[in-house]
Amino acid sequence: SLENQMENWAKQSEDPTKKLLHSEDLYKYILETSVYPREPEPLKELRNATASHPGLTFLLPCEIEFYQLQQGYNLEMKIFGNRVEKYHYTFQKSEKRGVDLLNYVCDIQIQHVMCRANMGTAPDAGQLMAMLLKLINAKRTIEVGVYTGYSLLVTALTIPHDGEIIAIDVNRETYEIGQPIIKKAGVGHKIKFFESPALAILDKLQEDPKNEGSFDFAFVDADKDNYKNYHERLMKLVKVGGILIYDNTLWGGTVAWAEEEIPKWMRTSTKHLLDLNRSLAADNRIEICQAAIGDGLTVCKRLH
C-alpha cells in the first residue's frame with residue numbers, strides 16, 4: 001500500500017549515510033570507533049537536542065484510510081523549518097480525487113522526513129570539516145544553511161577565538177534550538193547570523209571590495225536549486241587556496257538512479273545536483289573531491 005511505501009521510505013531516510021553505505025552496521029562501526037569518541041561534548045549535546053526536539057517532528061497519522069478520503073477528510077499540516085508553513089486541503093467524495101491526494105500526502109510526508117534527515121550535518125561529515133578547517137588554519141568563514149547549527153558549531157569550535165562566521169538561513173526558529181548550546185560552549189561571539197535568503201547576503205558582501213578573497217572557508221547545505229548561484233558568489237569571496245564544501249551532492253544516491261526510480265518530489269533537486277556535479281567537475285578554477293560521507297560532500301579548493 002502507499003502507507004507501507006511511505007513508512008519504508010521514511011525508515012530509509014532516518015540517516016542518509018546508511019543509504020550510501022548500504023550497511024547500518026558499517027556506519028555504526030564508523031561512528032562508534034572513530035567519530036563519537038572524539039566528538040566534542042557541545043556537538044553531542046546539539047545532536048541529541050536536534051534529534052529529540054518535538055518541534056522538529058512531523059508525522060502524518062498513518063491511520064488515515066482510503067475510505068476516509070472517499071467520505072471526505074479535512075487535513076491541516078504545518079511543516080516546521082521549511083519554506084511551506086502550512087497545507088490545508090479538503091478531500092472530496094471522489095475515488096480518483098482520493099487516490100491523487102493520498103499520493104500527494106504521502107509525498108509531503110516523505111519529503112519532510114527526508115528533508116529533516118538531510119538538513120542536519122552527519123557527525124562523520126562534521127569530523128572531516130573540522131580537520132579541513134584546521135589544515136588551512138581557517139579564521140573567517142561563510143555558512144549557507146544553518147538548521148539547528150551542528151556544522152556551525154563544528155566551525156565555531158575549530159576556528160580561533162577571534163574568528164568570524166557569516167551564518168545565513170531563512171529560518172531563525174531552527175537556529176535558536178541550537179543557540180543556547182553554542183552560547184554555553186563559549187563560541188557564540190564568533191557568529192554573525194543573518195535570517196535571509198542567502199543570495200541577498202552574499203551579494204551584499206560582494207559590494208564591499210574588502211570582502212573579495214577574504215574568506216578561508218565556506219560550507220553550503222541549503223536549497224539545491226541555488227547551489228550553482230552560491231558557487232559563483234563564493235568563488236569571489238573565498239580566497240585562492242580556500243576551501244568550499246557542498247553538502248548533499250549525492251542526494252541519497254539518487255544522482256545515480258534512473259529518473260523513474262527517484263521519488264517525484266526529489267527529481268527536481270536531483271536534476272539540480274546532477275547539473276552542479278557536472279559543473280564543478282568541469283570548473284578549472286577549483287580542485288575537487290567528491291566524498292561519499294554523510295549525504296555526499298564535494299570539497300573544492302580554489303586554485304585561481
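The model is predicted, so local features need pLDDT of at least 70 and side-chain atom pairs count only at pLDDT 80 or more, while totals for chains, interfaces and linings use all residues. Residues are numbered from 1 along each chain as its sequence is written, and side-chain values use heavy atoms, with hydrogens and water left out. Helices (H or I, at least four residues) and strands (E, at least two) are DSSP runs, numbered from the N terminus.

- Let's start with strand 4, residues 164-169, where six of the six residues are buried; buried means under 20% relative accessible area, exposed over 50%, and partly exposed in between, using a 1.4 Å probe and protein chains only.
- Glu-164, Ile-166 and Ile-168 point one way from strand 4, Ile-165, Ala-167 and Asp-169 point the other way, and all are buried.
- Strand 3 (residues 140-144) pairs with strand 4 in the parallel sense over five bridges; two strands pair if DSSP finds at least two bridges between them.
- Within this pairing, look for Glu-143 opposite Ala-167 of strand 4.
- Strand 5 (residues 191-195) also runs parallel to strand 4, joined by five bridges, and Glu-195 in strand 5 is the bridge partner of Asp-169.

**Helices that link the strands**

- Strand 3, helix 8 (residues 150-158) and strand 4 form a right-handed β-α-β unit; a crossover is right-handed if, with the strands pointing away from the viewer, the path from the first strand over the helix to the second runs clockwise.
- Strand 4, helix 9 (residues 172-184) and strand 5 make a right-handed β-α-β unit too.

**Strand 9 and its antiparallel partners**

- Strand 9 (residues 297-302) is largely enclosed by the rest of the structure, because five of its six residues are buried.
- Strand 7 (residues 238-247) pairs with strand 9 in the antiparallel sense over five bridges, and Asp-247 stands opposite Leu-297.
- Strand 8 (residues 286-291) pairs with strand 9 in the antiparallel sense over six bridges, with Leu-297 as the bridge partner of Ala-291.
- The hairpin of strand 8 and strand 9 has five residues between the strands, and Gly-294 there takes a positive phi near 60°.

**Two cysteines**

- A disulfide is a pair of cysteine sulfur atoms within 2.5 Å, and the count here comes to zero.
- Cys-289 is in no disulfide, as its nearest cysteine sulfur, that of Cys-300, is 9.6 Å away, which is too far for a bond.
- Cys-289 is partly exposed, with a relative accessible area of 45%, whereas Cys-300 is buried at 0%.
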